[in-house]
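Subject: Handover of a structure and notes on its contents

Dear colleague,

Please find the structure below, followed by an account of what was found in it. I would be grateful if you read the notes with the model open beside them.

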Amino acid sequence: MGRRSKQGPRRKPERGDRRPRRGPASESRRDAGGRRAPGGSEAPARVDFVVNRDLLYEHPKNDFNVLCGRFAYERGFPVAAQAQADAFKKDPSWDLAEGRLDLSREWIITIDGETAKDFDDAISIEYRDGVWHLGVHIADVSFFVGKESKLDLAARRRGTSVYLIDHVIPMLPEVLSNDLCSLVEGQRRLTFSCLITLDDAGRRTGFQFRKSVIVNRRRSTYHEVQAVLDGKLDLGPEFAEKAALMNRLKEILFKKRMAEGAMNLESTELEFEPGRHGAIESISPRPRIEAERVIEEFMLQANICAALLMEKHGAGVYRVHEPPDPEKLMRFGQLAKARGLEARGLLDPHPVSKNTPNPLNAILAPIADPEERRLFSFLLLTSFMQARYSEANIGHWGLGFTHYSHFTSPIRRYPDLLVHRILTAIVHKAKAPHRPDEIEKMAADASHLERKAVTAEREYHKIKTIRYLEPRIGEFFQTLVLGIIPRGLFVRDLATGIEGFVDYDWLARLADEELFFDERDQSFKTAKGKQVWFLGKRVEVELVGLNPERLFIDFKPVEDSPSRI
C-alpha cells in the first residue's frame, strides 16, 4: 500500500476557502456519494427506485444487511416459490430427459472464475474438414420456472441476481441456482443447446437450438485453461487439444468482430479479497486473461443466434445499444485533442450495419501507456449510451452487431429466461408465450432492475473500499487523474485501482493562487493560462478522510512530491 505520513493528516479545507471560477456549468455524472463523477457530460439514466438513507453503515459485519435494507432487497423467497423449487429436489422424475438430444457422452466443460457458484453455461468444440462445430449449452431454467408460476413471479420481481463481494442475492432459490440448474461437474443436467457451425473465417454457416441433456466433464477455471494454453499445466492430451482449438477459434471470432465494427475498449475491474467479519484483506486490479475472452466470444455467438431466430419468428427480447450522441463524441474529441490524440474525421457514430472497422478504435491505437489507454477508454465509454433490453431489435452499436440478445445466463438474468421461453416455443412450434406488449413491459422492468443492481453493487464496493482504507489514514498513494470538475479531481490509485477525490481547495493552496477550470479540456489552469492539473497526470496523494455514510474517499496532494510540478 502507500507509505504513511510522518506528520499525519493536515487540516481539511473550510467551506469558506477559495473556489475556482467556472466556464459553462458542468453536466458531469454524480457518483454514489453525490459528487459529480468523472468522464464527460453524460447524465446517467434515471433510476426510479428509493434508497433508504436512514440506514447507515456502522459495522463491517452488518454491511450486507444494511445494503439490503437500503435497496429493499428481500433476503429470502416467498414460501410458495421456495416450495415449488424444493419440490423438484424431492421428485427426481424431472430428469427423464425424454425427447431431448443426448449429449451426455460428449466432451463438454464449464469454464468460470475460481469463486463461481452457479454454472449456467458449458461449451463443446470440434474442428472437422475445415468446419468449426461450436456448442454452447445453457442450463434449461425455463423447464423449472414455468410462465406465471410462483417461481416466475419471484424471479421477475428481482430481475437479476446481485453479486456482491461476500454475498449473492440470487434471482432464483439456491436449490435451482446452485444445484438443479447449475451445470455441476459429473452430474446429468437439462440444457438448451445452441449448436453452431462456422467456416475458417468465423462466418456462421448454420445453427440450431435443441433441448438437450449433458454431463459436465470438468468444472474448469479461467486460470486453469490459461495455464494449459501457456504449457504450465498438464490436464491430458484431449484437454490440451480442445484448449488449443478454443483459443484458435476465439482469435478468429475476435478478429472478425473488430473488422465488422466492434469497439475495443480497456477497463479495470477490482478484485476484493474478503476477510473475517465483513473486513477486506486486499484490493487489487484484476488482470483480464485470454481464457476469459474464449468464453466471451462463444457466448456472443449464441446470443446472436438467439436474436436471429427470434426476429425470424416474430416477438423477442433483444439487448440493444444505440449509437452515441454526436455532441458527446465531439466533447470527447476535444479532450483527445488536448492530449495530442488525432480525432478529426473519426467522431461520427458508426452504423452497425456497415460491417467495417469502427474508426473510434483508431483514436486509442497510438496510446502506448496502459494506464493512459485505460483512462481514454473510460472517457470514451462515458460518451456512449446505456445498453438496455427492448422488444424492438435496433442492433448493438458497441458490439457491432445487427442482432443481439441475452440467452446465456438464465440463472441470473430474467431477460435470458424470457428468451429461453420464446425460443422453446419456436423449437416446439408452439404458440408464442408472451404478447408483444407484455414483452415491452418486461424488457423495461428488467432494464430498470439491472440499473438498480449495478448501483447496489457499486455502493457495496465503495463501502468495502472505505472499510479497507480505515486504518490507512495518513498513507500516501501514487495516483492518476481520471476526472476533473470545478470542485476538484477524481484520482485512481495505480496499485489498487481505488478511486477518490481531491478537493479544489487543496489544489489552490498548493498553487498559492486561484485556479480556473477549463471545461473544454477538463483541466485547471492559472490566470496566465498555464495548465496545472489535467487528465492523465500522475500525482502523489495522502489519504485524509473517509465518510462511510456519504461514501466519500478524500485525498490531498503531497506538497513535497515531484509529481505535483
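Which residues have the most contacts inside the largest nonpolar core? They are Leu176, Phe209, Phe298, Phe407 and Leu423, in a core of 78 residues. A nonpolar core here is a set of buried Ala, Val, Leu, Ile, Met, Phe, Trp, Tyr and Cys residues joined through side-chain atoms within 4.5 Å. Buried means under 20% relative accessible area, exposed means over 50%, and partly exposed lies in between (1.4 Å probe, protein chains only).

The model is a predicted one, in which local features need pLDDT of at least 70 and side-chain atom pairs count only at pLDDT 80 or more, whereas totals for chains, interfaces and linings use all residues. Residues are numbered from 1 along each chain as its sequence is written, and side-chain values use heavy atoms, with hydrogens and water left out.

Overall composition

The chain has 14 helices and 21 strands; helices (H or I, at least four residues) and strands (E, at least two) are DSSP runs, numbered from the N terminus. Of its 565 residues, 54% count as buried. Among contacts (heavy atoms within 4.5 Å) with a separation of 6 or more, 70% are between residues 24 or more positions apart.

Leucine 423 is in contact with Phe192, Phe209, Ala306, Leu309, Met310 and Phe407, leaving aside its neighbours within four places in sequence.

There are 16 aromatic pairs in the structure. Rings of Phe, Tyr and Trp (its six-membered ring) pair if their centres lie within 6.5 Å; planes under 30 degrees apart count as stacked, over 60 as edge-to-face and the rest as tilted. One of these pairs joins phenylalanine 209 and phenylalanine 407 edge-to-face, at 5.2 Å centre to centre and 80° between the planes. Phenylalanine 209 belongs to strand 8 (residues 204-215) and phenylalanine 407 to the loop between strand 13 (388-390) and helix 12 (414-427), so the pair ties together parts 198 residues apart in sequence. Phenylalanine 209 is buried at 6% relative accessibility, and phenylalanine 407 is buried at 0%. Together with Phe192 and Phe207, they form one aromatic cluster.

Five strands close into a barrel in the order 14-15-16-21-20, with mixed pairing; two strands pair if DSSP finds at least two bridges between them. Neighbouring strands of this sheet are turned by 50° against each other on average, direction ignored. Axes are lines fitted to C-alpha atoms, for helices over the stretch in contact, and angles run from 0 to 180 degrees between N-to-C directions. Strand 16 (residues 499-503) and strand 21 (residues 552-557) pair in the parallel sense over two bridges, and valine 502 stands opposite phenylalanine 555 in strand 21.

Two helices pack on this sheet. Helix 13 (residues 436-469) touches strand 14 (476-485), strand 16, strand 20 (538-547) and strand 21, and its direction makes about 50° with that of strand 21. Helix 14 (residues 504-511) touches strand 15 (488-493), strand 16 and strand 21, and its direction makes about 55° with that of strand 16.

A second, separate core of 67 residues includes Ile484, Val502, Trp533 and Ile553. Lysine 537 lies over the face of tryptophan 533, at 4.4 Å from the ring centre. A charge sits over a ring if NZ of Lys or CZ of Arg is within 6 Å of the ring centre and within 35 degrees of the ring normal.

Strand 4 (residues 131-139) is largely enclosed by the rest of the structure, because seven of its nine residues are buried. Strand 4 pairs in the antiparallel sense over eight bridges with strand 3 (residues 121-128), and in the antiparallel sense over eight bridges with strand 7 (residues 188-198). Strands 3 and 4 form a hairpin with two residues between them, where aspartate 129 in the turn has a positive phi of about 55°.

Helix 6 (residues 222-229) is mostly covered, with six of its eight residues buried. Those buried residues pack against strand 2 (110-112), strand 9 (219-221), helix 7 (237-259) and helix 8 (290-313).

With kind regards
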